[in-house]
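User: I would like to go through this structure term by term, and to see on what grounds each label is given.

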Amino acid sequence: NNEDLVLNFSATTTLNGTTLPFANLANLTSLGATNLTGTIQTNIGQNYAAVVTLVGDTVLTGQEVTFGSTVTGGSNDLTLNFTASSEVDAGFTGINNLTVTGPAGLNGSITTLGTQAYQGNVVLGGATTLAGNNAVFSSGINGAGNDLTLNFAVDAVLDSDVAGVNNLTSLQELAINGSVSTTGIQNYAADVILLSDSTLQGSTGTFANGVTGGNHSLTLNFT
């Protein structure tokens with residue numbers, strides 16, 4: 001129990017945690033291509049050095065995770081449940097619903113077929129475009145000076161403050177609960193819905209389809 005496991009196979013390794021979850025490992029390292037399904041739990045880290053393919057709905061749990069190559073979803077759900085930041089970038093493709101329960105680092109173009117749910121704080125590592133059916137950001141976004149584009153067919157919900165973003169573009173309906181601060185522009189191409197009293201601050205604000213206030217106060221501070 002609580003030992004390290006290193007898998008080094010020339011052919012694809014399949015980890016199936018559907019019936020009996022992988023558990024009581026300290027660190028899990030897979031050096032070759034890996035298929036994942038079910039629940040894979042480690043007490044410390046998971047390191048996938050090569051291509052990862054989801055062959056079923058997958059839940060990964062531990063302290064930290066590293067993906068050295070791409071993650072192909074195969075239209076399956078992926079849940080990342082790590083205490084350290086989970087880094088997600090353009091190499092993640094074909095995922096149905098993506099859930100990150102801890103902090104997340106985002107970079108590049110990330111598209112899901114269904115929902116993107118970020119329950120921990122999100123930090124942008126570069127210009128980021130997020131697309132899918134709908135999205136919820138529960139604990140805020142730190143833009144770190146990068147651009148953010150949101151393109152969700154149903155809506156996106158900013159359920160906490162957004163700060164440090166350069167330019168923010170929302171192409172579909174957006175619900176705001178809190179403050180949104182950018183150093184550059186804020187461009188809202190579709191409906192904006194206020195879920196609480198809100199302050200929007202930046203260089204320029206554009207509202208193409210108006211704002212539904214829901215009896216909340218709105219402060220605009222654009223220079």
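User: Why is asparagine 133 called partly exposed?

Analyst: In this predicted model, asparagine 133 has a relative accessible area of 32%; buried means under 20%, exposed over 50%, and partly exposed in between, with a 1.4 Å probe and protein chains only, so asparagine 133 counts as partly exposed. Residues are numbered from 1 along each chain as its sequence is written. As the model is predicted, local features need pLDDT of at least 70 and side-chain atom pairs count only at pLDDT 80 or more, while totals for chains, interfaces and linings use all residues, and side-chain values use heavy atoms, with hydrogens and water left out.

User: Where is asparagine 133 placed, and what does asparagine 133 contact?

Analyst: Asparagine 133 belongs to strand S14 (residues 122–137), where a strand is a DSSP run of E with at least two residues, a helix is a run of H or I with at least four, and both are numbered from the N terminus. With contact taken as heavy atoms within 4.5 Å, and leaving aside neighbours within four places in sequence, asparagine 133 is in contact with Thr112, Leu113, Gly114, Phe152, Ala153, Val154 and Asp155. The C-alpha atoms of asparagine 133 and threonine 115 are separated by 5.6 Å, although these residues are 18 apart along the chain.

User: Why is serine 86 called buried?

Analyst: Serine 86 has 1% relative accessibility and therefore counts as buried. Not counting residues up to four places away in sequence, serine 86 touches Val65, Leu80, Val100, Pro103, Ala104 and Gly105.

User: Why does leucine 220 count as partly exposed?

Analyst: Leucine 220, in strand S26 (residues 218–222), counts as partly exposed because its relative accessibility is 47%.

User: How many helices and strands are there in the protein chain, and why is the chain called as compact as a globular protein of its length?

Analyst: The protein chain has zero helices and 26 strands. Its radius of gyration is 19 Å, close to the 17 Å that the globule rule gives for 223 residues, so the protein chain is as compact as a globular protein of that length; the radius is taken over C-alpha atoms, and the rule is 2.2 Å times the number of residues to the power 0.38. Along the principal axes, the C-alpha atoms fill a box of roughly 55 × 25 × 25 Å. Buried residues make up 44% of the 223 residues.
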